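Here is a friendly briefing to read alongside the model. Keep the viewer open and follow the topics in turn.

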Amino acid sequence: MALKPADLSALEQTFLAVVAAGLVPSGLAGGDPAFRLDHVTAVCQALREGRNPTAYLAPDGTAADPAFERALREAAVELERKGVIGFGGPPAAVVPLAGAPQEPPRRDPATVDFNQAPKVFDRFLSHECLDALMREKPAYDYLMERYAESSEIWQQLARQGYVDRRL
């Protein structure tokens, strides 16, 4: 049975939407923390809730606050467990050729890397989440700003010969 956005927590929806936006990874943006997935998700989640954009950021504004980051790591692991995203390898919810489906081993949330987007296995669901996020004006404005900067970086990388091998 296909998942719907309503089957996900609000934080899972926001994280999946941010991943679907296709922003340049922080490492390719010169390590700019404003492109880390935890940073972008923290701002988007705060905006979705009608809060100050920095509500879930650490005092220095460069990273998510520790409590939000822990919750986001758990949400990311849950999305992987559901087979929606993967941080390496095939979807976790793969059914073996013989026998009943097995529960995949649970990833240690500490191993989630917010500098690099996970592979998305359910693109339809991710784009439904992104569409919902983009219908919210404050989140739309913020993401479009990030997207414009990201686009400039992707163009510069392409001129330098960079090819994204993940595609």
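Helix axes here are lines fitted to C-alpha atoms over the stretch in contact, and angles run from 0 to 180 degrees between N-to-C directions. With that in hand, the axes of α2 and helix α5 (residues 137-159) come within 8 Å and cross at roughly 160°. This is a predicted model, in which local features need pLDDT of at least 70 and side-chain atom pairs count only at pLDDT 80 or more, while totals for chains, interfaces and linings use all residues. Residues are numbered from 1 along each chain as its sequence is written, and side-chain values use heavy atoms, with hydrogens and water left out.

**The chain as a whole**

- The chain has 5 helices and 2 strands; helices (H or I, at least four residues) and strands (E, at least two) are DSSP runs, numbered from the N terminus.
- Read from the N terminus, the order of elements is α-α-α-β-β-α-α.
- Of the 167 residues in the chain, 41% are buried, where buried means under 20% relative accessible area, exposed over 50% and partly exposed in between (1.4 Å probe, protein chains only).
- Among contacts (heavy atoms within 4.5 Å) with a separation of 6 or more, 67% are between residues 24 or more positions apart.

- The 12 residues of α2 should span 16 Å at 1.5 Å a residue, and the end C-alpha atoms are 16 Å apart, which agrees; the expected span is 1.5 Å times one less than the number of residues.
- Because 11 of the 12 residues of α2 are buried, this helix is largely enclosed by the rest of the structure.
- The buried residues of α2 include Leu37, Asp38, His39, Val40 and Thr41.
- Packing against those buried residues are α1, α3, α4 and α5.
- After α2 comes Gly50, with a positive phi near 75°.

**How the helices cross**

- α2 and α5 are therefore roughly antiparallel to each other; angles under 35 degrees count as roughly parallel, over 145 as roughly antiparallel, 65 to 115 as roughly perpendicular and the rest as oblique.
- The α2 and α5 crossing is right-handed, a term used if the near helix is turned clockwise from the far one by less than a right angle, with anticlockwise giving left-handed.
- On the α2 side of this pair are His39, Val40, Val43, Cys44 and Leu47, which meet Pro138, Ala139, Tyr142, Leu143 and Arg146 in α5.
- The axes of α1 and α2 come within 9 Å and cross at roughly 125°, so these two helices are oblique to each other.
- That contact is made by Ala10, Leu11, Gln13, Thr14, Phe15, Val18 and Val19 of α1 with Leu37, Val40, Thr41, Cys44, Gln45 and Arg48 of α2.
- α1 and helix α4 (residues 123-134) have axes 8 Å apart and pack at an angle of about 100°, and are therefore roughly perpendicular to each other.
- Gln13, Leu16, Ala17 and Ala20 in α1 meet Leu125, Ser126, His127, Cys129, Leu130 and Leu133 in α4.

**Helix α3 from end to end**

- α3 (residues 66-81) has 16 residues and reaches 22 Å from its first C-alpha to its last, close to the 22 Å expected at 1.5 Å a residue.
- Following α3 is Gly83, with a positive phi near 80°.
- The cover over the buried residues of α3 includes α1 (10-20), α2 (37-48) and β1 (85-86).

**Residues worth a look**

- Arg73 lies in helix α3 and is buried, with a relative accessible area of 14%.
- The side chains of Arg73 and Glu69 are joined by a polar contact of 2.7 Å; such a contact is a pair of N or O atoms within 3.5 Å, where within protein one must be able to donate a hydrogen and the other to accept it, and residues adjacent in sequence count only if both atoms are side-chain atoms.
- Beyond its neighbours within four places in sequence, Arg73 is in contact with Pro109, Ala110, Val112 and Phe114.
- Glu80, also in helix α3, is buried at a relative accessible area of 10%, and its side chain reaches the backbone nitrogen of Phe87 at 3.1 Å.
- Gly86 belongs to strand β1 and is buried, with a relative accessible area of 4%.
- Gly86 and Val120 are 34 residues apart in sequence and 6.6 Å apart in space, C-alpha to C-alpha.
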